[in-house]
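Trainee: I would like to go through this chain by its open space and its surface.
Mentor: Look at it here, then ask.

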Amino acid sequence: MDTIARPRRSPAQRLGWSTVGAASSAVGVMVAYELSGYEIDLELIAIVALGALGVWFLITAAVAGRRERTQAPTASSMGDGTAPYAGTPDA
């Protein structure tokens, strides 16, 4: 039984890491097109890829900002200086 609590990844982290999969898929598609005999305009692909990457990063930043605002209140933000109830002391 695993008793170590691991923090869950935020949606922004998941979206950010999916860039790796999207980039490797794009390279695979480009290699397949090149090996099929098609001409590929690499400059145009680079411009489109940079634009898509910029939009992707804006989306992940928006998701990260939204998650930070919606977290549960902490003891310091409650104002009374007491920690929230976390269960019985002999648990």
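**Pocket and surface**

Mentor: The largest pocket holds about 290 Å³ of space. A pocket is an open set of points on a 1 Å grid over the protein atoms alone, with protein on both sides within 12 Å along at least five of seven lines. This is a predicted model, in which local features need pLDDT of at least 70, side-chain atom pairs count only at pLDDT 80 or more, and totals for chains, interfaces and linings use all residues. Residues are numbered from 1 along each chain, and side-chain values use heavy atoms, without hydrogens and water.

Trainee: Which elements give two or more residues to the lining of the largest pocket?

Mentor: Lining residues have an atom within 4 Å of a point. Among them are Thr19, Met30, Ile45 and Trp56. The elements giving two or more are helix 1 and helix 2 (42–69), where a helix is a DSSP run of H or I with at least four residues.

Trainee: How many residues of the lining are nonpolar, polar and charged?

Mentor: Ala, Val, Leu, Ile, Met, Phe, Trp, Tyr, Cys and Pro count as nonpolar, Asp, Glu, Lys and Arg as charged, and the others as polar. The lining divides into eleven nonpolar, one polar and no charged.

Trainee: Is Leucine 35 buried or exposed?

Mentor: Leucine 35 belongs to helix 1 (residues 11–35). Buried means under 20% relative accessible area, exposed over 50%, and partly exposed in between (1.4 Å probe, protein chains only). With a relative accessible area of 73%, Leucine 35 is exposed.

Notes. On a 1 Å grid over the protein atoms alone, a cavity is a set of points where a 1.4 Å probe fits but cannot get out, and a pocket is an open set with protein on both sides within 12 Å along at least five of seven lines; lining residues have an atom within 4 Å of a point. Grid points are joined across faces, edges and corners, and a volume is the space filled by probe spheres set on the points.
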